[in-house]
Amino acid sequence: MRAMVISSPGGPEVLEEREVEDLPAPGEGEVLLEVAAAGVNRTDTVQRQGGYALPSSASPYPGVECSGTILALGANVPPRWAVGDQVCALLTGGGYAERVVVPAGQLLPVPEGVSLTDAAGLAEVACTVWSTVFMTSHLSPGESFLIHGGSSGIGTFAIQIAKHLGIKVFVTAGSEAKLAACKGLGADVCINYKTEDFVQRIKEETDGKGVDVILDNMGGSYLQRNLDSLAVDGRLFIIGFMGGTVTEVNLQPMLARRLTIQVAGLRGRNLANKARIISEVEKNVWPAIVSGKVKPVIYKTLPLSDAVEAHKLMESSSHIGKILLIPVHDW
């Protein structure tokens, strides 16, 4: 089969499409998918750079989400799944390929009204947002929510699901075009972090109280400002470190306002934990997608062979929403 291989740690140019060994038959509780499309995520670029050790069960090929059609079933796969079903999947890796093996607990049906291609951009964002700010930080209707990077794949999804659930949404982004896109998706307060102090703006918009939950992809460089932006009993959830992992911070606001800092990834979780997240997403998020209240925001689709360009685009941060890669099957 064809797959995108990381020839050595480095820049986008180290991605090479190659003919690789076919995958083994799916094992117990697994399915084999023909990949229709794969989502491009920041974690793919970190993997390409050699930025972290892969989980032991991970494919060496990048790609942590995809959509596709079930080609084969392993033993003891739940009877809801059958050969020919169209699904989207949360992966430990391997999405940048013609085929991938997936634990059945990490499959979701393609939502009615969403194309098979566009469904490739749903699993990672839905599972990330739901498992962090809802399952862990317990963001609730009537609360307020700040999303850093509001125009990203995660940001565009988080805006929509939060508004659907009756939450006031604040976003930061770095251009007027990105802010306009966020506004169009329902964001209530849009802040250009390049020209405005987001802490001051949040204080102004909340009569000095701050927001209840923050979803942050920056880490160190935003930590103090995030703490300063939270309301009493506020929760900060960090899912990325684009602004570094080391900083100096005044912890006094945490004590004074009973603040909580939470940090977690998705890829390294065990099968049972991922299956629980998938189940919660299907129960709580999928109906909103089927009803049209939440839609995948797709910026660009490219052939798998153009993964180098896709990674350059991701790292430029000029996109709004998701970037997808489509393998060209030769049978």
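User: How much space lies in the second largest pocket?

Analyst: Rolling a probe the size of a water molecule over the atoms shows where empty space is left. In this predicted model, the space in the second largest pocket comes to about 430 Å³. Its lining is made of 25 residues, of which Ser57, Ser59, Thr92, Gly93 and Val101 are the closest to the centre.

User: Which element gives the largest share of the lining of the second largest pocket?

Analyst: That is β6, which contributes 5 residues, the largest share; β6 (99-103) and α8 (271-284) each supply at least two residues of this lining. Sorted by class, the lining holds 13 nonpolar, 7 polar and 5 charged residues.

User: What is the volume of the largest pocket, and which residues are the closest to its centre?

Analyst: The largest pocket has a volume of about 1200 Å³. It is lined by 47 residues, and the closest to its centre are Arg42, Asn217, Ile239, Gly240 and Met242. At least two lining residues come from each of α1 (42-48), α2 (123-134), α3 (153-164), β9 (168-173) and β11 (211-216). By class, the lining of the largest pocket divides into 18 nonpolar, 21 polar and 8 charged residues.

User: Which residues is Trp286 in contact with, leaving aside its neighbours within four places in sequence?

Analyst: With those neighbours set aside, Trp286 is in contact with Cys88, Leu108, Pro109, Pro111, Leu122, Ala126 and Val281.

User: Where is Asp306 found, and why is Asp306 called partly exposed?

Analyst: Asp306 is found in the loop between β14 (298-303) and α10 (307-316). Buried means under 20% relative accessible area and exposed means over 50%, so Asp306, with a relative accessible area of 30%, is partly exposed.

User: How far apart are Asp306 and Val189 in sequence and in space?

Analyst: Asp306 and Val189 are separated by 117 residues in sequence, and their C-alpha atoms are 36 Å apart in space.

Key
Residues numbered from 1 in each chain as written. Predicted model: local features only at pLDDT ≥ 70, side-chain atom pairs only at ≥ 80, totals over all residues. Heavy atoms only, no water. 1 Å grid on protein atoms, 1.4 Å probe; cavity = no way out; pocket = protein on both sides within 12 Å on 5 of 7 lines; lining within 4 Å. Points joined across faces, edges and corners; volume = space filled by probe spheres on them. Helix = DSSP H or I, 4+ residues; strand = E, 2+ residues; numbered from the N terminus. Nonpolar A, V, L, I, M, F, W, Y, C, P; charged D, E, K, R; others polar. Contact = heavy atoms within 4.5 Å. Buried < 20%, exposed > 50% of the residue type's maximum accessible area, 1.4 Å probe, protein only.
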